[in-house]
Amino acid sequence: MGSLLLIFDVLTDAPDAQALAGVTFAAQLQQFATVNALYICHSYQASGAWLRMGADAALIYNADAPLCAHQMEAVITAAVAATGADWIAACSPGTLQDAIARAAAVMSMPLIRDVCGVAVGNAGELTVERRIYSGEFIATLQVPPRCAFTIHPPAFSQSVETQLTANITELSVAVPSSRVTVERPAQSADKRPALSQAKVVVAGGNPLKDAATFESLIGTLADCLGGAAGATRAAVDAGVASAELQIGQTGSRIAPQLYIAAGVSGSIQHMAGIRDAQTIIAINTDAQAPIFKHADFGICADLYRILPELIAKLK
Ligand SMILES: Cc1cc2nc3c(=O)[nH]c(=O)nc-3n(C[C@H](O)[C@H](O)[C@H](O)COP(=O)(O)OP(=O)(O)OC[C@H]3O[C@@H](n4cnc5c(N)ncnc54)[C@H](O)[C@@H]3O)c2cc1C
């Protein structure tokens, strides 16, 4: 039996979808590994639900300031030395994703990114699945004796029963200095849910002519549905929507129950970000637009007519 270390960057007061996905991933490895947890904390404490993650033992590292990737790397390698972990998994977004790659390289562990499935092979060997070529194919990889993972959260969204971790130790590590000071932006006043967590996402594309139009149509419809606003790269490049709203291969990957795409062509790069959306509604003037091949419901019409009507009905 191996040993798995789940690594959390504690960025919120309660575990987010990515952290919970890590726990579900670990539950599927139960017959192969004991599970320990590492919590890297700065602004928030690893307390309450954070410790109810079903780990056998937990290490907590309290940082004086938010860490850079190379500092987090030092914390991870120290935690691996302390726990003897064979497998490590990054269960938070942001800097931790870079840090685990650095730590894996330093410890000569292969890194398997965006794991979306776990299975047992015919000979009882452990395998994981990950999407390749923008999600067009699924690769099945045999897990080596030592390995690092990042998790694709929508693939592990079912909740599992977990227990309170009893054995908690503070980890003390001298992290290297950094010439970079990390400042986390203050919580946005935006009341909309984060794109990656939203149950409804309304996205706008190139035909939205400016930021005010984007906000009055896409933003307002998102608000009517309690959802998040998103955009294509074309809309972001045109300065119509801000970069953090970009969905796709080089933007956010989302998994809403409902995705409404208005004036979105459905390019392969955009679709790579919405593969986990459950129901897709497309509004596009071009009946041949690729988005209609993926949509559950299509409205072949002008978004400048449809969106105001929808908003008026919902209001
Ligand atoms: C390496 C790489 C990475 C990329 N990563 C991303 C990414 O992460 N995300 C992303 O989105 N793109 C990405 N792109 C860009 C991608 O290839 C497309 O250019 C982009 O998605 C197109 O955006 P769009 O659909 O808004 O614009 P367009 O291609 O211009 O399509 C606009 C659509 O709106 C329709 N339309 C026009 N007027 C109206 C109207 N009044 N009402 C309704 N419909 C209307 C048109 O019929 C058309 O289908 C990437 C490209 C590259 C090369």
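Residues are numbered from 1 along each chain, in the order in which its sequence is written. In this predicted model, local features need pLDDT of at least 70 and side-chain atom pairs count only at pLDDT 80 or more, whereas totals for chains, interfaces and linings use all residues.

The chain is assigned a domain 1 that covers 2-170 and a domain 2 that covers 200-314, with bounds that come from an automatic or database domain assignment. The centres of domain 1 and domain 2, taken over C-alpha atoms, are separated by 32 Å.

The largest nonpolar core contains 58 residues, and Leu6, Ile7, Tyr39 and Ala89 have the most contacts inside it. A second, separate core of 40 residues includes Leu221, Ala235, Ala241 and Tyr259. A nonpolar core is here a set of buried Ala, Val, Leu, Ile, Met, Phe, Trp, Tyr and Cys residues joined through C-beta atoms within 7 Å; a residue is buried if 20 or more other C-beta atoms lie within 10 Å of its own, exposed if 12 or fewer, and partly exposed in between, with C-beta atoms placed from the backbone. Leaving aside neighbours within four places in sequence, isoleucine 7 is in contact with residues including Leu38, Ile76, Ile88, Ala89 and Ile100, where contact requires C-beta atoms, placed from the backbone, to lie within 7 Å.

The ligand is surrounded by 28 residues, of which Gly205, Arg233, Ala234, Gly248 and Ser265 are the closest; a residue is near a molecule or strand if its C-beta atom, placed from the backbone, lies within 6 Å of it. The shell around the ligand divides into nine nonpolar, 16 polar and three charged residues, with Ala, Val, Leu, Ile, Met, Phe, Trp, Tyr, Cys and Pro counted as nonpolar, Asp, Glu, Lys and Arg as charged, and the others, Gly among them, as polar. At least two residues of this shell are supplied by each of α5 (233-237), α6 (268-271) and α8 (303-314), and α5 gives the most, with three residues. Helices (H or I, at least four residues) and strands (E, at least two) are DSSP runs, numbered from the N terminus.

Glutamine 97 is located in helix α3, which spans residues 95-106, and counts as partly exposed because it has 15 C-beta neighbours inside 10 Å. Apart from neighbours within four places in sequence, glutamine 97 is in contact with Ala90 and Thr150, and its C-alpha atom is separated by 9.7 Å from that of isoleucine 151, 54 residues apart along the chain. Serine 108, in the loop between α3 and β5 (111-120), has a positive phi of about 55 degrees although it is not a glycine; serine 108 is exposed because 7 other C-beta atoms lie within 10 Å.

Aspartate 114, within strand β5, likewise has a positive phi of about 55 degrees although it is not a glycine. Five bridges join β5 to the antiparallel strand β6 (residues 126-132), where strands pair if DSSP finds at least two bridges between them, and the bridge partner of glycine 117 in β6 is glutamate 129. The hairpin of β5 and β6 has five residues between the strands, and glycine 124 in the turn has a positive phi of about 80 degrees. Strand β6 is in turn joined by six bridges to the antiparallel strand β7 (residues 137-142), in which isoleucine 138 is the bridge partner of arginine 131.

Note on methods:
Two residues are in contact if their C-beta atoms, placed from the backbone, lie within 7 Å.
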